[in-house]
Amino acid sequence: MRIFERLVFVNVLAVGLGFASASAFDGRRSPSDVTPAVGVDLVSRDSISAPALAPSMPALAPSSIPAPTLGGPGFGRRLPEPSGTLTPAEAFRRGAQTLRTGDVKAALSSLEYAASHGYMDAQWRLGRLYAEGTQVKRDDYRAFRYFQEIVGADVDDSLGIRQASYVADALVWLGVYYADGIAGSPIKTDLHRAHEMLRYSATYFGNANAQYQLGRMYLDGKGVARDPRQAVGWLRLSANKGQAQAQALFGTMLLRGDDGVPKDPARGLMWLTLARDAAPADKRIADLHAAASQQATDDQRVLALTFIESRLNGGRRE
């Protein structure tokens with residue numbers, strides 16, 4: 001069964017079982033309603049990563065999400081072998097090794113061959129390459145199509161840990177692309193589809209990036225009815241898994257005590273400290289942390305450090 005055919009059932013099942021709150025999927029209760037207004041944007045495409053995930057997927061009803069049908073390398077047809085007789089796995093390994101040497105053209109030839117034969121590792125690697133634009137020219141539409149191939153794959157009901165992580169990651173990327181649209185391409189903003197993909201990645205796989213994105217959607221009322229309670233539930237789950245943007249946003253909400261979130265400067269500083277350490281290159285998070293630390297009292301700073309130490313020693317999650 002194709003992965004994209006499994007999406008709708010998760011949302012239907014969640015409603016049918018009465019999972020009204022986001023945090024119900026992790027066995028926690030949602031916090032009180034809040035209406036935060038903070039300066040942390042949606043997770044950047046550069047920061048999306050693939051965590052280790054559940055090894056299997058449930059059978060789902062068909063969705064309206066189309067499988068990739070457009071032409072071009074790796075899309076809808078198998079490419080000839082780059083050289084000699086290689087299996088897709090061997091071609092992927094050769095491509096990954098060649099990429100490390102800096103021979104991008106040769107690496108792409110091997111990776112595209114493996115991807116065209118449905119090798120998910122190669123599809124994911126190529127999707128990330130074109131989405132991030134580090135070793136190749138950034139091409140969001142091309143990245144979208146590789147991620148769509150992963151979600152449109154015809155796989156067994158059991159996925160390995162690595163494959164499951166690729167699927168969850170691909171769903172997040174596709175959700176982000178559908179939320180924003182891709183300029184100059186057929187991919188237009190489709191917030192309903194963005195929500196569908198992010199919710200599946202967040203609920204079934206427990207993907208922290210998807211949970212953060214959902215939190216922002218409910219917080220902003222973007223594509224869904226504004227629901228601060230669900231927003232905080234998703235953000236809390238994501239923050240507890242180490243997602244830096246979620247930690248920064250949740251921490252800022254605690255600092256301000258916005259609309260139902262109990263004001264807790266020490267705990268807010270704790271989250272911002274964790275966010276700064278998780279994303280040291282993020283200037284916005286660094287600035288938020290610096291401002292919070294400067295405004296905190298000595299007692300609040302000491303208490304924040306105590307909270308951090310407790311977490312590092314296996315203390316309870318927030």
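## Buried or exposed

A residue is buried when its relative accessible area is under 20%, exposed when that area is over 50%, and partly exposed in between. Ser238 has 0% relative accessibility, so Ser238 counts as buried. Leu288 has 22% relative accessibility and therefore counts as partly exposed. Both residues come from a predicted model.

Ser238 lies in helix H9. Leu288 belongs to helix H12, which covers residues 283–295. Both residues return below.

## The chain as a whole

What kinds of element does the protein chain have? There are 13 helices and zero strands. Read along the sequence, the pattern is α-α-α-α-α-α-α-α-α-α-α-α-α. The chain has 318 residues, and 52% of them are buried.

The accessible surface of the chain is about 14,000 Å². Carbon and sulfur atoms hold 51% of that surface.

The largest nonpolar core has 45 residues. Leu126, Phe144, Phe147 and Tyr177 have the most contacts inside it. Which elements give two or more residues to this core? They are H2 (88–101), H3 (104–116), H4 (120–132), H5 (140–151), H6 (161–180) and H7 (191–203). H6 gives the largest share, eleven residues.

## Helix H2

H2 has 14 residues. At 1.5 Å a residue, they should span 20 Å; the end C-alpha atoms are 20 Å apart, so the two values agree. Which residues of H2 are buried? They are Ala89, Ala91, Phe92, Gly95, Ala96, Thr98 and Leu99. H3 and H4 are among the elements that cover them.

Gly102 follows H2. The phi of Gly102 is positive, near 100°.

## Helix H8

H8 runs over residues 208–220. At 1.5 Å a residue, its 13 residues should span 18 Å; its end C-alpha atoms are 18 Å apart, so expectation and model agree. Twelve of the 13 residues are buried, so H8 is largely enclosed by the rest of the structure. The buried residues include Ala208, Gln211, Tyr212, Arg216 and Tyr218. What covers the buried residues of H8? The cover includes H6, H7, H9 (228–240) and H10 (244–256).

Look at the two ends. At the start of H8, a side-chain oxygen of Asn207 comes within 3.0 Å of the backbone nitrogen of Asn209. Just after H8, Gly221 has a positive phi of about 65°.

Which residues does Ser238 contact, leaving aside its neighbours within four places in sequence? They are Ala208, Gln211, Tyr212, Gln243 and Ala246. A polar atom of the Ser238 side chain is 2.8 Å from the backbone oxygen of Ala208. Ala208 is one of the buried residues of H8.

Ser238 and Asn207 are 31 residues apart along the chain. Their C-alpha atoms are separated by 7.9 Å. Leu288 and Thr252 are 36 residues apart along the chain. The C-alpha atoms of Leu288 and Thr252 are separated by 7.9 Å.

## Aromatic pairs

A pair of aromatic rings is described by the distance of the centres and the angle of the planes. The count here is eleven aromatic pairs. Phe144 and Tyr177 form an edge-to-face pair, 6.3 Å centre to centre with 70° between the planes. The pair links distant parts of the chain: Phe144 is in H5, and Tyr177 is in H6, 33 residues apart. Phe144 and Tyr177 are both buried.

Phe250 and Trp271 form a tilted pair, 5.8 Å centre to centre with 55° between the planes. This pair also links distant parts of the chain. Phe250 is in H10, and Trp271 is in H11 (residues 265–278), 21 residues apart. Both Phe250 and Trp271 are buried. Which residues do ring pairs link into a cluster? They are Phe144, Phe147, Trp173, Tyr177 and Tyr178. Phe144, Phe147 and Tyr177 are also among the residues with the most contacts inside the largest nonpolar core.

How values were computed:
Residues are numbered from 1 along each chain as its sequence is written. This is a predicted model: local features need pLDDT of at least 70, side-chain atom pairs count only at pLDDT 80 or more; totals for chains, interfaces and linings use all residues. Side-chain values use heavy atoms; hydrogens and water are left out. A nonpolar core is a set of buried Ala, Val, Leu, Ile, Met, Phe, Trp, Tyr and Cys residues joined through side-chain atoms within 4.5 Å. Buried means under 20% relative accessible area, exposed over 50%, partly exposed in between (1.4 Å probe, protein chains only). Helices (H or I, at least four residues) and strands (E, at least two) are DSSP runs, numbered from the N terminus. The expected span of a helix is 1.5 Å times one less than its number of residues. Contact means heavy atoms within 4.5 Å. A polar contact is a pair of N or O atoms within 3.5 Å; within protein, one must be able to donate a hydrogen and the other to accept it, and residues adjacent in sequence count only if both atoms are side-chain atoms. Accessible areas come from the Shrake-Rupley method with a 1.4 Å probe; for residues, only the protein chains shown count as cover. Rings of Phe, Tyr and Trp (its six-membered ring) pair if their centres lie within 6.5 Å; planes under 30 degrees apart count as stacked, over 60 as edge-to-face and the rest as tilted.
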